[in-house]
Amino acid sequence: GNCIYLYERECSIQRRNQKVVEEAPSSFLTPEVRKAMGEQACQLARAVNYQSAGTVEFLVDSQMNFFFLEMNTRLQVEHPITECITGVDIVDEMLRVAAGYPLSYTQSDIGIKGWAVECRVYAEDPVRYLPSIGLLTKYTEPTVEHNDSQLGVRCDSGIVEGSSISIHYDPMISKLVTYGPDRTSAIEHMEKALDEYVIDGITHNTPLLREILGNERFRSGDISTKFLEEEYPQGYSGGDLTPEQRGELVPCLAVLHHSKIDRAARDGTFEYVISCDDAKIPVSVSVHSGAYSVTFDEKTVAVSPSGGVSGILQEFKLDDSNSVPLQHLRFDGVTHTIRYRCCKREITVLTPLQQHFMDTMPVKVVEDTSNLLISPMPGSVSSISVEEGDEVLEGTEVAIVVAMKMNNSLKAPKSGKIKKIWAKVGDIVDGDQKILEFY
């Protein structure tokens, strides 16, 4: 029978040996290496008389020497990006072969057209890569409207708003795929898709995905299986806004806030103080015949909301050029919960008088938890290896919590004696729930 290869997928960006961002084709391989790798994969399939779609994995070194790793006798999660660049419906071909029909293609029919990127959206904390569970209180998949027929977006998922993410299954929420005529356009299209992807109620990794796509090393194609470890050794928490990002977000927030509290859209100039990244930024919002301008940091920016300010997805144009998307999740009258570049932020906007009174309020004392071992994620307690009264050294494993098919070792945060054990084997614990207490 006939055997063909559908080129490669670049899967180097991983955490815990699980893929996070994939693309096809690889920006690293030459046409000669690509051809040799594909032909060897076909030789392997023929040698074992394999009859279906399969995935052969190789490791490639910096000199483009490649080494066989394993063969998966199935499709893999990232197969849509192969379909995007080859035009082959892989599942359809699998069914045809299973029914006894020959392949619809020969190798000469298969070319590479365009570029595709896939992001695996996980229900997990992107700082510690620990799973998150809960109810999806808001969920809207991106559509990314555009006028270019060469661009596309695809979201494969099995959930809807109101679905529950539990501790019993893999943390993947969906696989988000974008396609474009070249690598840059596919990446930029993915950035826009992530900006429009509304997920609330649980912690998820879209901030990390959005950050990777803008990383200069990723953009240059300089990636390896150590990419996340080297670029984000402490995980990704969002960090402070850059001056450019603050220059985008502040005027958008000012107009959004004013539109929420002054629905009559009166003409005039209105003063606010925006608290952002521990900075208090005075702003002036000027309204004239429905047009907005915002003055802050000794500059004035014209701001045009796109499509009103009533929904979750918001978009603003600054000085008729930059388009700034953000998600407006909640507003309690003073604090806006938003996502900007996928990072969740709570930003307070007050009048100068309100801010003056707020500055006189006492600072809340943070509870001392240094004597506690707290579960970093929800899950099931599978073992506790100490008893009350035992002495342990810092770093000793004292318990294991299982969540989403992963064993998470909990270690003593300090040396000392066990004062109280708050959980027992078999308990279902929440994130931040007490497990042990030390003297």
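Arg9, Lys19, Glu22, Glu57, Glu78 and Arg120 are linked in a network of salt bridges, a salt bridge being a side-chain nitrogen of Lys or Arg within 4 Å of a carboxyl oxygen of Asp or Glu. By this rule, the count comes to 27 salt bridges. Please note that this is a predicted model, in which local features need pLDDT of at least 70 and side-chain atom pairs count only at pLDDT 80 or more, while totals for chains, interfaces and linings use all residues. Residues are numbered from 1 along each chain as its sequence is written, and side-chain values use heavy atoms, with hydrogens and water left out.

Let me turn to individual pairs. Aspartate 200 forms a salt bridge with lysine 344, and their closest N and O atoms are 3.1 Å apart. This pair links distant parts of the chain, for aspartate 200 is in strand β13 (residues 198-200) and lysine 344 is in strand β21 (residues 343-350), 144 residues apart. Helices (H or I, at least four residues) and strands (E, at least two) are DSSP runs, numbered from the N terminus.

A second pair is glutamate 437 with lysine 419, where the closest N and O atoms are 3.7 Å apart. Glutamate 437 lies in strand β29 (residues 434-438) and lysine 419 in strand β27 (residues 416-421), 18 residues apart. Glutamate 437 counts as buried at 18% relative accessibility, while lysine 419 is partly exposed at 40%.

Aspartate 156 is partly exposed, with a relative accessible area of 23%, and arginine 154 is partly exposed at 29%.

I now come to the nonpolar cores. A nonpolar core is a set of buried Ala, Val, Leu, Ile, Met, Phe, Trp, Tyr and Cys residues joined through side-chain atoms within 4.5 Å. The largest has 37 residues, and those with the most contacts inside it are Ile13, Val21, Ile173, Ile212, Phe218 and Leu228. At least two residues of this core come from each of β2 (18-24), β5 (115-122), β12 (172-180), α4 (183-195), α5 (206-214) and α7 (227-231). Which element gives the most to this core? It is α4, with 5 residues.

Phenylalanine 218 touches, among others beyond four places away in sequence, Ile13, Val21, Ile187, Ile212 and Phe227, where contact means heavy atoms within 4.5 Å.

Finally, the cysteines. How many disulfides does a search of the whole structure find? The search finds 0, with a disulfide taken as a pair of cysteine sulfur atoms within 2.5 Å. For cysteine 84, the nearest cysteine sulfur, that of cysteine 155, is 13 Å away. For cysteine 252, the nearest cysteine sulfur belongs to cysteine 276 and is 12 Å away. Cysteine 84 is partly exposed, with a relative accessible area of 25%, whereas cysteine 252 is buried, at 0%.

Cysteine 42 lies in helix α1 (residues 31-47) and is buried, with a relative accessible area of 6%. Leaving aside neighbours within four places in sequence, cysteine 42 is in contact with Cys3, Ile4 and Tyr5.

Key: Buried < 20%, exposed > 50% of the residue type's maximum accessible area, 1.4 Å probe, protein only.
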